[in-house]
Amino acid sequence: MRTLKFMWKDSESVGGNCPALYEVEDGFVVQGKVLQPGEIAQLRDLGEDEVAVFVPANVLNRLASR
């Protein structure tokens, strides 16, 4: 089991239930809104044990300045 370290959340969020980014030893975990079925249908090779989420650009763009 990975230990998640909270990094930051969506700068537009003012409450809970927000997109966020977490760091783990070997990568990152994103928290976001589940995609709609039509959006999921456009993904390539989504595994049975995988999900796709939407994360606002401002959450991930901060990685570039890290």
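How many salt bridges does the count come to? One, taking a salt bridge as a side-chain nitrogen of Lys or Arg within 4 Å of a carboxyl oxygen of Asp or Glu. Before you click on, note that this is a predicted model, where local features need pLDDT of at least 70, side-chain atom pairs count only at pLDDT 80 or more, and totals for chains, interfaces and linings use all residues. Residues are numbered from 1 along each chain as its sequence is written, and side-chain values use heavy atoms, with hydrogens and water left out.

**Stop one: the salt bridge.** Select Asp26 and Arg2: their closest N and O atoms are 3.3 Å apart. The pair ties together distant parts of the chain, 24 residues apart, with Asp26 in the loop between β2 (20-24) and β3 (27-31) and Arg2 in the segment before β1 (5-9). Strands here are DSSP runs of E, at least two residues, and helices are runs of H or I, at least four, numbered from the N terminus. Asp26 is exposed at 57% relative accessibility, and Arg2 is exposed at 54% (buried is under 20% relative accessible area, exposed over 50%, partly exposed in between, with a 1.4 Å probe and protein chains only).

**Stop two: the core.** Now pick Met7, Trp8, Leu21, Val55 and Val59, which make up the largest nonpolar core. Such a core joins buried Ala, Val, Leu, Ile, Met, Phe, Trp, Tyr and Cys residues through side-chain atoms within 4.5 Å. Stay on Val55: leaving aside residues up to four places away in sequence, Val55 touches Val30, Gln31, Gly32 and Leu60 (contact means heavy atoms within 4.5 Å).

**Last stop: helix α1.** Finish at residues 37-40, where you'll find Ile40. Ile40 is partly exposed, with a relative accessible area of 30%.
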